[in-house]
Amino acid sequence: MSEFIAALPMYDWPEVRAEVDAQWVGLRDAFRQKGIDAPQTIVRLNGDLPPVPGGIHDADGKLIAPDPATLPPGELDFHKLWLHPALLFAQTCWGPMELGLSRHVQVVGQPSYDAYEGGQGELYSSALVMRKGEGPEVRSPADGGPSLPLDLIRGKRFTFNSLDSMSGIIALTRDLQAAGESLDIFASRSESGGHRGSIVAVAEGKADIAAIDCESWALARRFEPAARKVVIVGWTGRRKGLPFITARTTPEKTVRAMREALAGLAEQPRIQRVG
């Protein structure tokens, strides 16, 4: 049994669990070919995480997270997963990375978003969605710049997945600031708990607009009926997509081997090697 854990939680919708599992199998086998003791399966719940008696500490010995064994076993706390000392491989977001996570992990690589409108290589953008009939549909700008319909969104109710989300709120905040505006352009702001929840809130009239990253939007078009009731009215500018990370304590030799494995998978559309 591997001493490591791995997870691919960011696009792990119930409808695509088999696809996510298959993605991990490809990564796992590539890692094992490089001599890495990659785990057989990914974790999806707090209860899957190995206990850390006394809690999780940083390099200076400061307690930064409780023992995962004390967390609700049927849920998954992303932040505790990312901080786990046994983490070999997982996805995160540049929002939490900028807010301090980067001190405790190492970046291994970046995925490719070429398969999605709004994506280009390791860059992705968010679709601004509103209910159909409330604004004209727009395509993703070819130059990757932001496309913000300021007059249309002014005074609307904005919903977002979480405050630390680059795609859900931080990117839009920065693009608005570059345009001389702020989140005060909206009449109100509410937290939905997830991109899927944001789409549903807009479709049901509980909010007027949301920013949905381009891969989540592609998933919603496949599996979320509420997506048929909304339309893209704008885009945030392209930024680096979700990074693949490993624990800060993962040996340099292992990190190097994972990067080599990712480079070997580079011809596959979802993986790119980090520079």
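Student: Which polar atom lies 2.8 Å from the backbone nitrogen of Gly 237?

Tutor: That atom belongs to the side chain of Asp 175. Please note that this is a predicted model, where local features need pLDDT of at least 70 and side-chain atom pairs count only at pLDDT 80 or more, while totals for chains, interfaces and linings use all residues. Residues are numbered from 1 along each chain as its sequence is written, and side-chain values use heavy atoms, with hydrogens and water left out.

Student: Why is Asp 175 called buried?

Tutor: Buried means under 20% relative accessible area (1.4 Å probe, protein chains only). Asp 175 has 8% relative accessibility, and therefore counts as buried.

Student: What makes the pair Asp 175 and Arg 239 a polar contact?

Tutor: A polar contact is a pair of N or O atoms within 3.5 Å; within protein, one must be able to donate a hydrogen and the other to accept it, and residues adjacent in sequence count only if both atoms are side-chain atoms. The side chains of Asp 175 and Arg 239 are joined at 2.7 Å.

Student: Which residues does Asp 175 touch, not counting those up to four places away in sequence?

Tutor: Taking contact as heavy atoms within 4.5 Å, Asp 175 touches Pro 146, Leu 148, Thr 236, Gly 237 and Arg 239.

Student: Where is Asp 175 placed?

Tutor: Asp 175 is in helix α5, residues 166-178; a helix is a DSSP run (H or I, at least four residues), numbered from the N terminus.

Conventions:
Helix = DSSP H or I, 4+ residues; strand = E, 2+ residues; numbered from the N terminus. Buried < 20%, exposed > 50% of the residue type's maximum accessible area, 1.4 Å probe, protein only.
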